[in-house]
Amino acid sequence: MNSPLEQLALQPFRPGLQRLYGDRANQCLGRLAMLAGRYGSGEAPRPTAPTWTARDAVLITYGDMVQAPDAPPLAVLERFLQQHIGDAFTILHILPFFPYSSDDGFSVIHFRKVNPDLGTWHHLEKLAGRYRLMVDLVLNHVSRQSGWFQDFEAGVAPGRDYFITCDPATDLSQVARPRVHPLLSPVRTRRGPAHVWTTFSADQMDLNFANPDVLFEMLDLLLFYVSHGAQVIRLDAVAYIWKRLGTSCLHQPEAHEVVKLMRSFLDLVAPGTVLLTETNVPHAENIRYFGTGDEAHLVYQFALPPLILTALLS
């Protein structure tokens, strides 16, 4: 993906990168080419059939929902599905299986490791051989215990620039709040005290997507998960990723631009991978993440499953 001819395929990314990062777009374009080449991507044949149809069904589970004394939970899950579920489901969504500190796995300490209490990447790859595997990319924040945030506290690059600080006297009354926790959390750093943006909890430190290094960390993770068998990527809390003072900091144009870029990048280097957005918002806002057919392949619809169950029961 580093030849001049191959780099031409990345030229359509330039306008979006300019909208996100201005005159740093050329540098970002070069980084895209290097990232695609790093994973040897773009060699797989493009799918000839739709990647999602009405015949697909998704099983959503945590990695430790089925346990036995003789094997790690992920291995037990594979055995259980083989013996009792079979082909009733086509897609298996294992909720965050990474080392974490809170929020049922959504406060990730390490994005590239499997929680050893559950198993290993080998176990997940075996499951991916039987079902289409869905993996969460927790975009908006990381655990306070993560290496990135420890680098922020120590003033070590690049993590020192991965997070958002704000003067607590700033008027943040317009910011959309999904939870009742304080929006800013006090932190002691080697450079002095700071107040860090924490949308969901004081243990979940928001990432600064205005820094292109953060975007490229996430793009790298996209391909890392695909390399381990993921065929569906769920973008967690994507509506919150771009902050702009004086607004709700929700559904900002740049957030949509990031989804477009991820969709286009996956379509180019890992065709057939499905991108799903998780935005727990009213329907009209939710479906805007389809864009004009250039953002998510699917959007998470929280209201639909309980409504269907209610209809069936009543």
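Contact, in this tour, means heavy atoms within 4.5 Å. The structure is a predicted model, in which local features need pLDDT of at least 70, side-chain atom pairs count only at pLDDT 80 or more, and totals for chains, interfaces and linings use all residues. Residues are numbered from 1 along each chain as its sequence is written, and side-chain values use heavy atoms, with hydrogens and water left out.

Select helix H2, residues 14–21; helices here are DSSP runs of H or I with at least four residues, strands are runs of E with at least two, and both are numbered from the N terminus. Gly-16, Leu-17, Leu-20 and Tyr-21 of H2 are buried, that is, under 20% relative accessible area with a 1.4 Å probe, protein chains only. They lie on the same side of H2 because they cover an arc of only 105° around the axis, taken from the directions from the helix axis to the C-beta atoms. Next, display helices H3 (25–38), H7 (212–227) and H8 (253–269), which are included in what covers these buried residues. Just after H2, Gly-22 has a positive phi of about 60°.

Now select Leu-219, whose contacts beyond four places in sequence are Leu-32, Leu-35, Leu-261, Met-262 and Phe-265.

Finally, select strands S1 (residues 58–61) and S2 (residues 91–94), which run parallel and are joined by 4 bridges; pairing requires at least two bridges found by DSSP. Thr-61 stands opposite Ile-94 in S2. From S1, the chain passes through helix H4 (residues 73–85) to S2 in a right-handed β-α-β crossover: with the strands pointing away from the viewer, the path from the first strand over the helix to the second runs clockwise.

Conventions
Buried < 20%, exposed > 50% of the residue type's maximum accessible area, 1.4 Å probe, protein only.
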